[in-house]
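Have the structure open while you read.

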Amino acid sequence: MSAALVGCASPQPDYQRPAAPVPAHWPAANAERGQADVAWRRFFVDDSLRETIAQALANNRDLRAAVANIQAARAQYRIQDAARLPTVQLQGNANRQLTRGGDPSLAVDSRGVSAGLGVSAFELDLFGRVRSLSDAQWQRYLASEAGAQAARVSLIAETANAYLTLAADRSQLAAARTTLQSAERSLALTRERLRLGASSALDVSSMETVRQQARADVARYQGLAERDRLALQLLVGAELDEARLPAALEDKPYTLAALPVDAPADALLRRPDVRQAENLLRAAHADVDAARAGLWPKLGLGASSGLSGVTLAGLLNAPARAFSLALDASLPLLDGGAARAGADQAEGLRLAALAAYEKALQSGFREVADALSQRQALAEEKQARQATLASAETSLRLAEARYRQGLDGYLSLLEAQRTAQAARQQWISASLAEAENMAALYRSLGGGLEE
């Protein structure tokens, strides 16, 4: 009968990876083809940045929690997988019972000692229910590992961005201080010219306005830099070593200049969040198998073998032996549709997991495509901003020289100062955007293999 029931069972087909609902090619034409598994220590080329990231990986509390969740998930899998094997127990018992009535001669004193081995309530997994439950828990364990890897990649990217933002705001602070010094020199010169009758009080007032604006910019960027430092310290999870922190966003590389990108079908499946979503989909698939197997009879096996005697000496020398074997079967007949509803619920959760997997693929595709589409434009913008800054600084030097010689008025100098200040701020912002774009591309590709 069991063989017939197995033949009549209709489990769902084996798991097949769903087709990725994303285009076959990236929209950006400048995506290099090649293996994108670049370890983070090779992708981030600045030594101080690498040391800061390593400190964050060692101390960040969110990452520690993710690692602890892996340990808990693996233990839960081992608990579930243990149900596939029989549980053997060693049992012992000693008892004494004294019964007295009205007549003392009728008192009964009974004693007994027993010991034995037993197998209790072991399910014969004919329809794969226990195996499917174990497979589901294994996939959830793998999902927890992928989740921890996703947290690790995110922490690396967030730490890099916080480090670069601190560098950029310190650069802005340095630029504001340079502007303040220039404004103070110009104000002193204008006051001297006013004393000699070559300038007016209006010129002095205008120069004072420029100086006060520069002072405000210095104070603002001081606050931003301190805020950035605290944010970085929170990510790192420990006191920061000032020697490792950037003094400014210098014109130097922080990451590799280029990162090769495989086709979407290969690149996206390496993302840990996509792997996590697929592991959860596999777990839901196994849950459906277990729920459908629960519609068929459950066969249980129990067995025990033992020795018994009146006393411990009798148990060792002349025991009474006993052996029992029990096989039971159960099949839900009238349960109000609960078993069938459980199978339907499992199928609904599988469809939800499928939708989550497809959404993870689509979100990953968009993140990579956005990073790729901006990469070339940001590089060109940075070059243009750098050329503009060089030209503005040259104009400022010439304007200061002509103003000192009395060849031009203060308006030309003010305009040159404002233009140079704006050009430096825009160059710093473009440099930060380019570096952040590379970090975003690295994160969107799921990070590289560890060295």
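Start at Gly197, which takes a positive phi of about 85 degrees just after helix 5. Helices here (H or I, at least four residues) are DSSP runs, numbered from the N terminus. This is a predicted model, so local features need pLDDT of at least 70 and side-chain atom pairs count only at pLDDT 80 or more, while totals for chains, interfaces and linings use all residues. Residues are numbered from 1 along each chain as its sequence is written, and side-chain values use heavy atoms, with hydrogens and water left out.

How far apart are the end C-alpha atoms of helix 5? They sit 99 Å apart, which agrees with the 100 Å that the 68 residues (129–196) should span at 1.5 Å a residue. The expected span is 1.5 Å times one less than the number of residues.

## Nonpolar cores

A nonpolar core is a set of buried Ala, Val, Leu, Ile, Met, Phe, Trp, Tyr and Cys residues joined through side-chain atoms within 4.5 Å. Buried means under 20% relative accessible area, exposed over 50%, and partly exposed in between (1.4 Å probe, protein chains only). The largest core has 70 residues, and Trp26, Phe44, Ile53, Leu232, Leu249, Leu259 and Val368 touch the most other members. Elements giving it two or more residues include helix 3 (47–59), helix 6 (201–236) and helix 11 (410–444). Helix 10 gives the most, with 14 residues.

Take Phe44: leaving aside neighbours within four places in sequence, its contacts (heavy atoms within 4.5 Å) include Ile53, Ile156, Tyr254 and Tyr442. There's also a second, separate core of 6 residues, with Leu173, Ala176, Ala214 and Val218 among them.

## Charged pairs

The structure holds 24 salt bridges, each a side-chain nitrogen of Lys or Arg within 4 Å of a carboxyl oxygen of Asp or Glu. One of them joins Glu184 and Arg211 (3.9 Å, N to O), linking helix 5 to helix 6 across 27 residues. Glu184 is partly exposed at 36%, whereas Arg211 counts as buried at 19%.

Glu208 pairs with Arg191, with the closest N and O atoms 3.5 Å apart. Glu208 lies in helix 6 and Arg191 in helix 5, so this pair ties together parts 17 residues apart in sequence. Glu184, Arg191, Glu208 and Arg211 are linked in a network of salt bridges. Elsewhere, Glu434 meets Lys382 (3.4 Å, N to O), connecting helix 11 and helix 10.
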